[in-house]
Amino acid sequence: MPRSHPNIVFVFADQMRACDAGFMGNPQVHTPNMDRLAAEGVTFTHAVSACPVCTPYRAALLTGRHNLSNGMVLNDVRLPVTERSIAHVLNEAGYDTAYIGKWHLDGPHRSAFTPPGPRRQGFGYWAVSNCCHNYMHSFYYRDDPEPIWIEGYDADHFTDLTVDYVRSHQEQPFCVFLSFGPPHDPCLLMPDSYHVHNPADIKLRPNVKNCDPREEIAGYYSHIAALDRNLGRIMAAVDESGLADDTIVVFTSDHGDMLGSQGMHRKQKPWDESIMVPYAMRWPGHSPAGKRTDSLLNVPDLMPTLLDLAQVPIPETVEGESLAQAALTGEHCGPESAFIYNLCPFIEPIPEWRGVRTVRYTYVKTLEGPWLLYDNEADPYQLKNLVNSPEVAGVQAHLEDELQGWLRRTGDDFRPRDEYWRRFGYTVDDKFQYPMEGRQFGLVPEP
């Protein structure tokens, strides 16, 4: 019999851009399981990472709130225990909740233990490393402060834990978040047999310039192929446990990676390689198979969408909008634009920016005024900046109105980043980031 509340299996990669999955149109990457998930469910072709960097994304994901509201405006800061997370809400609705993998919401000590209690934001089952990208020498914690060391590729082990968790839950509805570390750099750190992409075969995007990232991209694609195999294992566990019709399975990513596009690397930027992410969702008997929607699904929308699908009331604290209708029909719904921003850029030599991404356009401003305007339909690789061009003056004026609306609704006064450091009580170093003790790999004592 169907359950009153569906299970939720939410799997997300770290730094995987939308253009690098087969179901998003890239035949170079081996993603048969991601492609099958999309074929059996709904794909959001315009899924957006509001603030494209790790900690801000994760905070918005779990709270349904923009980063100026939850205070998570840069990496390596701690999510306040006063926030109301999706786990808190689901627990109250009778769910068992779990978090497995990378957390990155517990402050600057990336190798530190997060003890049972409010800093876990309501999650019950816990198998977590705050932040570790040493995929072949990784660790995590359960409920005591001794690290558990992983033999081999950590994404495989975290998948083992997720499969075991799914198979052990046959009665009570559950929600499990699995956060992978790859394909985030280091792109070549994996077992030798996992290197399934050859740099010589990589075809670069037309907007790559001033570098040759083929070796890095080959490793990046190989990480994605490894995650795809693990997603297939999770889907098989759901199916073989007889839970498929009662389980929402999602695959997405926290943000993208420039990988040489526009001559840049990593994230925090407003170009599509940074802000656009893959998003496929399967719920047999509820979501139509093979549908694609261009509804703009932004990070704060994820919590209300999942709660709405689960028939669980959405808290008043949530700022995002439910796009459950799009998930259940494949039709277009939701806002005309997605709000994108970087309140406090760090490490990267870029200014503070705010903008909007519509189905067709990208418009971005800095403190000095309009910066970028792209017609993504006519110019999908964002090669021609149209900002302040007379021929698009009407479009730019409309997008400016859209942006101003988002600034008003979110209470964003668009100030220099140092004002937000002071507002939230953060101390930063000379790279404009919170002090990062424990940031480097392997700072937990050796086993």
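Contact here means heavy atoms within 4.5 Å. The model shown is predicted.

**View 1. Overall fold of the protein chain.** The protein chain holds 11 helices and 15 strands. Its radius of gyration is 21 Å, close to the 22 Å that the globule rule gives for 447 residues, so the chain is as compact as a globular protein of that length. Along the principal axes, the C-alpha atoms fill a box of roughly 60 × 50 × 50 Å.

**View 2. Contacts across the sequence.** Contacts between residues at least 6 apart in sequence are considered here. Of these, 71% join residues at least 24 apart. Burial is given for the 447 residues of the protein chain: 62% count as buried.

**View 3. The largest nonpolar core.** This core has 73 residues. Phe10, Leu61, Phe177 and Tyr279 have the most contacts inside it.

**View 4. Surroundings of Leu61.** Neighbours within four places in sequence are left aside. Leu61 is then in contact with Phe10, Phe12 and Phe177, and also with Val299, Leu302 and Met303. Two of these partners, Phe10 and Phe177, are themselves listed with Leu61 among the residues with the most contacts inside the largest core.

**View 5. Surface and charge of the protein chain.** The accessible surface comes to about 16200 Å². Carbon and sulfur atoms account for 50% of that surface. The chain carries 38 positive and 59 negative charges.

Terms used:
Residues numbered from 1 in each chain as written. Predicted model: local features only at pLDDT ≥ 70, side-chain atom pairs only at ≥ 80, totals over all residues. Heavy atoms only, no water. Helix = DSSP H or I, 4+ residues; strand = E, 2+ residues; numbered from the N terminus. Rg over C-alpha atoms; globule rule 2.2 N^0.38 Å. Buried < 20%, exposed > 50% of the residue type's maximum accessible area, 1.4 Å probe, protein only. Areas by Shrake-Rupley, 256 points an atom, 1.4 Å probe, with all protein chains shown as cover. Lys, Arg positive; Asp, Glu negative; His and termini not counted. Charge placed at Lys NZ, Arg CZ, Asp CG, Glu CD. Core = buried A, V, L, I, M, F, W, Y, C linked by side-chain atoms within 4.5 Å.
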